[in-house]
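Hi everyone, thanks for coming. Let's look at a structure together and work through a few of its contacts.

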Amino acid sequence: MKELNFGLEQKVSFRTIELQQMNQKLKQEIQQKEEAQSKLESEQAARIYDSKMRALGEMAGGVAHEINNPLMIITNSLERLKKTVERGGDFDRDREVYGDKIISSCQRIEKIISGLQIFSDGDIAHLLKFENLAKILQYSLDAQKERSNLPIEFIADFKDIYEIKCIETQFTQ
């Protein structure tokens, strides 16, 4: 009986050691998996952050480009007005032509900024309203005409005035 008891205790001891080793191994595997998961989540967060920064950079570049175009029109118009004054030219005629370009360009910048404010707001549903489609198209074509200096003419011959539900600044950009 002593021998059986001693043999049984020895088996229990060996089995206990085996179970402790297996338990330790499982704890290590769990820790490794948690570390791998943490590393994966960190890398994923870094990729998402990088992607957002790239998108923000592209958007900033696009906004800069959109604002730069009317600023160049304003700058060129003011330079021409300055030359007209320096040469003693027909300031009244040039003031009307270039003044209109300056005002139109300032309004365009204002619409771009308004569009950015709408974009940053996030909740745009309350900003939707019915807008005249011909007016929106005319504005877009006028902006393109200013950018390209091409003789674009928009002739609207609508029998009915079409209106669409939109945010005008987003539609015209």
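Let me start with a question: leaving aside its neighbours within four places in sequence, which residues is Ile102 in contact with? Keep in mind that this is a predicted model. With those neighbours set aside, Ile102 is in contact with Ile74, Ser77, Leu78 and Leu81.

Ile102 belongs to the largest nonpolar core, together with Ile74, Leu81, Tyr98 and Ile109, which makes 5 residues. Two helices each give two or more residues to this core: H1, covering 2-87, and H2, covering 91-121. The largest share, 3 residues, comes from H2. As general background, nonpolar side chains in soluble globular proteins tend to be buried together.

Next, have a look at Ser77, which sits in helix H1. Is Ser77 buried or exposed? Its relative accessibility is 3%, and the cut-off for buried is under 20%, so Ser77 counts as buried. Not counting residues up to four places away in sequence, Ser77 touches Tyr98, Lys101 and Ile102. Other buried residues of H1 include Val63, Ile67, Asn69, Pro70 and Ile73.

Let's finish with H1 itself. How far apart are the end C-alpha atoms of H1? They are 124 Å apart. H1 has 86 residues, and at 1.5 Å a residue it should span 128 Å, so the two values agree. Just after H1 comes Gly88, which takes a positive phi of about 75°.

That's my tour, and I'm happy to take questions!

How values were computed: Residues are numbered from 1 along each chain as its sequence is written. This is a predicted model: local features need pLDDT of at least 70, side-chain atom pairs count only at pLDDT 80 or more; totals for chains, interfaces and linings use all residues. Side-chain values use heavy atoms; hydrogens and water are left out. A nonpolar core is a set of buried Ala, Val, Leu, Ile, Met, Phe, Trp, Tyr and Cys residues joined through side-chain atoms within 4.5 Å. Buried means under 20% relative accessible area, exposed over 50%, partly exposed in between (1.4 Å probe, protein chains only). Helices (H or I, at least four residues) and strands (E, at least two) are DSSP runs, numbered from the N terminus. Contact means heavy atoms within 4.5 Å. The expected span of a helix is 1.5 Å times one less than its number of residues.
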